[in-house]
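Here is a short briefing to read alongside the model.

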Amino acid sequence: MTTKKGSLHPGKEITGTGETATAAKKTDAQAQGFPVVGIGASAGGLAAFEAFFSAMPVDVDSDMSFVLVQHLSPDFKSILAELIARYTKMQVLQVEDGMLVKANCVYIIPPNRQMAYLKGTLQLLEPHAPRGRRLPIDFFFRSLAQDQKEWAIGIVLSGNGSDGTMGVRDIKGEGGMVIVQQPESARNDSMPRSAIDTGLVNYVLLPDEMPATLINYVKNAYVTHSYTTRVFNREGRPEYSYPPNTQDAFKKIFILIRAQTGHDFSQYKFSAINRRISRRRALQKIKATEEYVRFLQQTPSEVEALSQDFLIGDTSFFRDPEAFAVLQDMGIQQHFANRSDGDGIRVWIPGCSTGEEAYSIAILIQEYLQTHNKNFKIQMFATDIDGKAIEFARAGRYPLSAVAGLSSERLTRFFTQEPDSGGYRIRKEVRDMLLFSEQDIIKDPPFTNIDLISCRNLMIYMNIELQKKILNLFHYSLNPGGLLFLGKAETAGGKRGLFFRLDRRMRLYQRKEPGYKAGSTEALTHIPTLTENYSLHRVVESGKVSEEPNSAEERKIFNAEIQSTKEDLQACREELQSVNQELAAVNGELQINLIGLSRANDDIDKLLSVPKRKRAQVELREKAKERG
C-alpha cells in the first residue's frame, strides 16, 4: 500500500508496509555498518517526533536509520507513518516482520507488537505481558544494544512511566550513546526523568536540538576509529587489531585513571575499552585518541566520567531465567539439602552493579527456606567497584521497567509499590539479607569460607590472564564443594583443575576437591580432581586393557567420567579460540611493525648509497688525473 505524499516534501513518496525502501542507497547494517537510532516515546511523543524530524537537515543524508517505538493502542490503526512523513525527506515505513533496515530511512512500530533488532532486520512479536506492563521501548533498546553494540543510539522522548530506562542501561553497557528530552519541554516527563535518574544519559536536550548533536556525534564517533584492521568473526561481529600507537595511548589513559581513582583497567579487553573511549571522544568532539589523552591530562572531570563509563553494569532481575532455574535446582536445593537448622550459608556476589542479581539470589534462597521450613544463618556480600551503584543497590528502589519481567507472585511477595514514584522497593526482610560494600576485586582482599559465588558478566570484560587470576581467587574463597555461577559468555574452562562443571550451558561450577570416591552418594560435596577425571585406570592397568564396567552403577560412573572429559575438552577448545583471537591481534600488530621496519630499511639503504656514489666519483677523478 502507498500512503499520501508528505505535505512538507511533496516530491517524496512514502512507502507503507511491505514495500522496499528504494530511496536508501546505503547497504544494510551488517554489510557496511551505520548507526541505528532507536527513539522511544509515549504520551505527548508526537509533538517531540515532529520537532525532531523538522530539525533534521534536508540537504544531506544523515547516514543513519531511525526506528520509532511508541506506546500505541492495539485497537486502532496507526497513522504515525503518514504524520512523520510530513516532516522528513527520508522514506518512512511501518515495519513488517523481517524488514531489512537501511540507512536514511525511518521505521515505525505497528500497533500491538513488540519489536526487536536482529542482524540488520526488524522482527515483530506478539506481546505476552498484560497491558500496562508492556515495555516495548526497553525490549527494542535491549535487542538493539545486543546486536549493534557501539553502533546503537537511544533517544527517550515524552511519555508516562519508566519504559526505556532499562534500555538506556543496555545501550550504554554495550558502548552506545543516549539522548533524553529535557523534562521541562515534555508533555509527560516521567519517562525522561526516569532515564535521567540512571546517571547514564549523555545529553539532555530539546527535541529540535537533538539532530545537530546526533550528527556531530556520529561524525566523530564512527569516521575516525582507533583500529587499523576490521574483520568479521563467525558470528558476523567486527573484530579489530590495534596499532602500537593506539595501544600506547590506551596505557596512558589507564595510568591517568588509576592515578585519579585508584582503579586499574589495564587488564581489561581492548575491544570493550575502545568502545567507551570512542564514545567519550565523540562526546568531546575529539577524533584522535592521542589528542584525547592530552585532553584527559587537562580535565580531571573527564577522567572521572570515562572511569564511570568503564563501570557500567548490564544487569536485571533473574537475567537469563533458565540459568537461575538451574541455580535453583542443581545449586541451591541440592547444595543446601544436607544442611541443618542453624548452619551458616555465605554468599558472595562480586560485580553486583545496582543489585538486581544479588536480590534475585536472595529471593531464591528465601523461597527455599520458606518452602522447606529451614532456618539457616544467611550472610550475603554484594560488592562492586562503583560506589554510586552500591548506593543505588542499598536503597533497593527500582522503576517499573526493572521489575516488569518478574512474576506477579514474586512482585507481591518480595516488593512493595512506592505510591509517589510508581516504582517498587525490595521488602526489608530481603534487604536485610545483604551487605553491600565497595570492593575492587583485582586488588582488595576477597571474602572467604563462601558457599556460593555469583559473578556474571564481569569476567567477559577482562583479558585471559586476569580471568585466570580471578578464578584462582574464587577457588581460594570457596568452601570445599562450593558453587561458582558465571554468565553465559564466561567459562571456568581455563582452570579445569579447579572447578567441576555441573551445567555446561548455564555455567554452573563446583570447586574440585581431592578424595572423591567413585560411587559416592554424598551429594555435591566431593568432586573428582582433574587427574581423576582423566584417569584411565578403568581402561588401562599396567599396560593391559581392563574389563569394561559390568554393573549399571559402574557404567553410570564411567559415563559420567567420559562426559566430564568431553566437557573439559570443550573448555580447552573455548580457551584455544580465545588464544587464537589474541594471536590474530598480535599478528596484525607484527604486520604493522614489519611494514615500518621495511620502510626504515629502505631509508637506511638510501643513506648508505650516497657515500658509495661519492667514493666512486672520487676514484674516477683520481684515475683521470693519473692518465693525464
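A salt bridge here is a side-chain nitrogen of Lys or Arg within 4 Å of a carboxyl oxygen of Asp or Glu. This is a predicted model, in which local features need pLDDT of at least 70 and side-chain atom pairs count only at pLDDT 80 or more, while totals for chains, interfaces and linings use all residues. Residues are numbered from 1 along each chain as its sequence is written, and side-chain values use heavy atoms, with hydrogens and water left out. Helices (H or I, at least four residues) and strands (E, at least two) are DSSP runs, numbered from the N terminus.

**Salt bridges**

- Across the whole structure, the search finds 16 salt bridges.
- Arg275 and Glu174 pair through their side chains, at 3.9 Å from N to O. Arg275 lies in helix 8, and Glu174 in the loop between helix 4 (165-173) and strand 9 (177-181), so this pair links parts of the chain 101 residues apart.
- Both Arg275 and Glu174 are buried (under 20% relative accessible area; exposed is over 50% and partly exposed in between, with a 1.4 Å probe and protein chains only).
- Lys149 joins Glu174 and Arg275 in a network of salt bridges.
- Arg505 and Glu322 form a salt bridge at 2.9 Å, N to O. Arg505 sits in the loop between strand 21 (499-503) and strand 22 (508-511), and Glu322 in helix 11 (residues 321-336), 183 residues apart.
- Arg505 is partly exposed at 44% relative accessible area, and Glu322 is partly exposed at 42%.
- Arg339 and Asp451 also meet in a salt bridge, with their closest N and O atoms 2.9 Å apart. Arg339 is in the loop between helix 11 and strand 13 (344-350), Asp451 is in strand 19 (residues 450-455), and 112 residues separate them.
- Asp451 counts as buried because its relative accessibility is 5%.

**Helix 8 against helix 10**

- Helix 8 (residues 270-283) packs on helix 10 (residues 300-310) at about 140°, with the axes 10 Å apart. Axes are lines fitted to C-alpha atoms over the stretch in contact, and angles run from 0 to 180 degrees between N-to-C directions.
- That angle makes helix 8 oblique to helix 10 (under 35 degrees is roughly parallel, over 145 roughly antiparallel, 65 to 115 roughly perpendicular and the rest oblique).
- From helix 8, Ile273, Arg276, Ile277, Arg279 and Arg280 meet Glu302, Ala305, Leu306, Asp309 and Phe310 of helix 10, where contact means heavy atoms within 4.5 Å.
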